[in-house]
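Please keep the sequence and the 3D view at hand.

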Amino acid sequence: MNQEITKTKRPFMQSGRVFYLVPLVVALIPLFANNYLQFMANMIMVYVLVTVGFNLVIGNLGQLAFANTAFFGIGAYMTAILMTYAGFTYETALVGAAIFGGLAGLLASITALRGIRLYYLAIITLAFGELMRWVYIHGESVTRGTDGLPLPDVTVFGLSMHSDTAKFYFFLLITVLVVKGTSNLLRSRVGRAIMAIRDNEMTTASLGISTANYIILTFVWSGSVVGIAGGMFAAATGRVFPESFSLTEVIVHFAMVMVGGTGSLIGSVIGGIVLTALPEYFRQFPGMEELFFGIIIVIVLLFLPKGLVSLLAKVSPLFRERYFRE
Amino acid sequence: MLMQLTISGLSQGAIYALIALSLTVVFRATTVVNFGHGDFVLGGAFGVYVLVVMLGLPFVPSAIAAIVLMFVCGVLISRGFINPIKAGPHIGFAMMSISIGYIFRGTTRSIWGREVLPMPRVFDIEPVFIGDLVITGDAMIISGIVAILLLAFFIVFYKTSIGKLIQAVYQSERGATLIGINVQRFHDMMWGAGLAMGAVAGILIAPISLLHPDLGAGFLIRGFAAMTLGGFGSLGGAVAGGLILGIMEQYAGAYVNTALIDITSYLVILIVLVVRPSGLFGKRAVVRV
Amino acid sequence: MKLKTKRGLSLSVLAAVGLMASAAFAADTTGLTDTTIKVGVMGPFSGNASSYSKAQIGEMAYYKMINDQGGVHGRKFELIQEDTACQPAKGIAAAKKLISQEQVFMMHGNSCSGVAMAVRDIVVDAGVPWIIAHAVNPNISMPPTPNVFHGVPAGPAYGYSMGKFVMSKPGTKNVIMVEHSNDWAKSYADPTRDYMKEKGIEPSMVMTMERGQTDATAQVLKIKQAKPDFIVASLYEAETVIFLKDMKKYGVTDIPVMGAAGTDLENTLARIGDIETVKNYYVPHAFIDTVDGPGMKKWNDMILKYYPDETITGFSAISIGSAVAVVEALKNAGRDLTREKFIAEMDKIKNFDTGVFAAPITWSADDRHGVKESASAGFVNGKPTVMKGWNQPM
């Protein structure tokens, strides 16, 4: 039988390309949103990237490396520091944030490479995050400690980004680029290798795949993504404080990954959106937030262990993970 | 000053030892690290507060009731929240335990939220003075009770048939199932035991630290540091690690800089995991591919 | 089935956007109607600084009392409570919500200095009158901006009163300071250091005791060796108790300790239960009388009337002073109220006795630090007493 294997072109609404519509719809938000909602939209994008970066390491690579707040804080502080002390403009400072985040990721990867796994890795990376926070507090001459380090005026390619709306569009651009880039990564050989390492490290190594390189790559990519998110966070809030990068913060990141869907890129986006927007909804019950937070996560874990994305996946195959590029 | 710091360190360390031990008990039995443990420690203390201050019951029965209550909570958590997600990814347990801890903390905050409450204490023992050394009643009570508890624990573990059963399941769950041990019930009991021990720690430390919903947060990381130092999964190591950590905090604070006290735990974790990941008494912690 | 769901998804996105739109256009533009004035009250109602939100409770009780008395010129206060959890990001969201979505007339609140600094630029840009009711960082309100007022003693005022009290003890030369490394503690400790430095004294040691530490042995033993004349301890409630108890434990009971405005004498004594341990403890005290004293009774009763489950501490009445001044300014601005008129009236408040604070409030366009002084308080014959200086009850 002579069969040609041709790629079938799926209809637009059933292929991954429909997701390109999402940023187009999202871009309409500033037309309707007041300043508060605009700010929340910016924060949602920050946390989408945070979750995407984090999920790469704990979901796709399967390493319990909780260094996320360290990457987040380093990205935020480096952005502020580069802008304040080295006169960088925002877009170059963001590149700096990505680079330093990546370096931090490299540092974090060393522990994984040395064979530290599971809870040891979780704890050492948590310790790394808290030590960074101690540095932010006590490195006062540079970080201004607990007073917070303010950002000078944010400009991108000469355009002033003072308003939340301007920041929104810039953030949207970055978010789309980073998410698409990560999507390409996950759906390539690299992504498949990473997930193979997660599923069985020894077997993967025995197939001749250099696990060390892929582990490093994942950590560096994660660190860069979360570093960029930190830079966005700094610009959105205008002032960088050490308290924003504590242990409670990493728990929120963790929750976003789990609620969205571990190992799923779309899950990361969903988790970032839901767990940034929902606590704002719970503002009406002051003091009860921790309680609601805990209850929601317990419910999701018990009934949707693969995260909210699994619910959507039942409805449409678009939301199922595909490890190939069309 | 050195002796005083050592005594104070041992008394603080006893609490860390108890928390580390209760974490290890659950970890060894179920391979789950209870990230919400700090808040359960709090739960024991709040339980006693409610019974003594709000219901007017005498201290010792209240303490026992609170410990039993936390034991039951442990069993319920194991059965209701951990067991159902057994088949999922391992990190699911971490998130679940954190979330349950959040629920505990959120509940205490919505009921007692804004207050910092003094905790009733039962024994008011005068401090003992040996020359310049002060050994307070608190230090003696804490060290004493923790020592008795640890002794009882290790006697049960190594000398009784229940202890042998626990050891058997620790070594091989499959084997234990094959010979008819109800491993699920074992998990529940161990969760209960871990939470009960944590409750004891909470009841002991709350009179000193006062009662407020954030009490538990600091203890968790110290428990981890103690477990890491002693060797993850080693029961004796957890105790040794806790005591050493308590002393190290005191020395670092007095001889180097008080600003270090807070981060001693993190430094210990980093140094131990980089230099000797298996800690003092632990098993191989490193995976070589 | 699948296509329907796709459309369903797009529809819900558009619905969500539409909801946001309606929320944006719903409120009045300045938070004023014929019968209401919208006041945004931000504070740490959750999180580990939640005991500070007692200040917001006290302030809200006052506004509710004014409502029951008929309001101001026929308008009653509509209080919008927003939680900051003492976290800058959450505080920014709260401030933006109050300004852009709730569109309040004014904002009155904030216990956490970090949050206040984080939101300051946003509030200044929006031009909403903002009265700082508890946070002490002086940089929030000075250099002066058109719309920010400080309604409590700011850091320098506390530093002045703390430093002055310490120096009023005859022969004070060796001072040791213990503090948390957070911005709250620094906002008391730094101005105290500045004041003492002006008078020629530098602390011989500055030590850290972090929140959550349950033992102060290392710090106390070092103090015991150094034998200072005075200790300045900028610590929160629980840590103050632990510190004082450890001082007693190691026999260091005759060195006086000056606290920050993080706790009050009555509650500290209640938590420790032993007068011998606290007899040398002093705190800055901004009020006309002790927390349980007759001068404060009417305020405590008022708070309990509207919030019966509340426990009164030194924080409870701290925001009432500024609330009294605010209501006064609103009355003076008349029925025909605008933000400009309100701010102008606030700047006319001079030497105003609030009936709560020991010192009067004075605001002007050049100086928005309304309360310049605080008294102190200590135990005299076992009873909390307001004091001017060492051994000098009021």
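Does Asp274(C) count as buried, partly exposed or exposed, and at what relative accessibility? Asp274(C) counts as partly exposed, because its relative accessibility is 24%, and buried would require under 20%. The model is predicted.

Asp274(C) has a charged partner. Its side chain meets that of Lys248(C) in a salt bridge, at 3.6 Å from N to O.

## A buried pair in chain B

Asp39(B) and Arg105(B) form a salt bridge, with the closest N and O atoms 2.9 Å apart. Asp39(B) belongs to helix 2 (residues 37-54) of chain B and Arg105(B) to helix 4 (residues 90-112) of chain B, so the pair links parts that are 66 residues apart in sequence. Asp39(B) and Arg105(B) are both buried.

## A bridge between chains A and C

Over all chains, a search of the whole structure finds 25 salt bridges. One of them joins Arg283(A) to Glu82(C), whose closest N and O atoms are 3.0 Å apart. This pair crosses between chains. Arg283(A) lies in the loop between helix 13 (265-281) and helix 14 (289-303) of chain A, and Glu82(C) in strand 2 (residues 76-83) of chain C. Both Arg283(A) and Glu82(C) are buried.

The pair is part of a network. Salt bridges with shared partners join Arg283(A) and Glu82(C) with Glu280(A) and Lys97(C).

## Strand 10 of chain C

Strand 10 (residues 281-285) of chain C is mostly covered, with five of its five residues buried. The cover is on both faces. Tyr281(C), Val283(C) and His285(C) are buried on one side, Tyr282(C) and Pro284(C) on the other.

Which strands pair with strand 10 of chain C? Strand 9 (residues 257-259) of chain C pairs with it in the parallel sense, over two bridges. Here Met258(C) has Tyr282(C) as its bridge partner. Strand 12 (residues 375-380) of chain C runs antiparallel to strand 10 of chain C, and four bridges join them. In that pairing, Val283(C) has Ala377(C) as its bridge partner.

## A nonpolar patch on chain A

Which residues make the nonpolar surface patch of about 430 Å²? The patch is made by Val95(A), Ile99(A), Phe100(A), Leu103(A) and Leu106(A). Ile99(A) is found in helix 5 (residues 90-113) of chain A.

## The interface of chains C and B

The size of an interface is often given as the accessible area lost when the parts come together. Chain C and chain B bury about 2,600 Å² between them. Of this area, 55% is on carbon and sulfur atoms. Thr214(C), Lys249(C) and Arg271(C) supply 20% of the area that chain C buries against chain B, more than any other three residues.

The contact takes 33 residues from chain C and 30 residues from chain B. How many salt bridges cross this interface? The rule finds zero between chain C and chain B.

Terms used. Residues numbered from 1 in each chain as written. Chains lettered and ligands numbered in written order. Predicted model: local features only at pLDDT ≥ 70, side-chain atom pairs only at ≥ 80, totals over all residues. Heavy atoms only, no water. Salt bridge = Lys/Arg side-chain N within 4 Å of Asp/Glu carboxyl O. Buried < 20%, exposed > 50% of the residue type's maximum accessible area, 1.4 Å probe, protein only. Pairing = 2+ DSSP bridges. Patch = residues over 30% accessible without salt bridge, like charges linked within 9 Å, V, L, I, M, F, W, Y side chains within 5 Å. Areas by Shrake-Rupley, 256 points an atom, 1.4 Å probe, with all protein chains shown as cover. Contact = heavy atoms within 4.5 Å. Buried area = accessible area lost by both parts, 1.4 Å probe.
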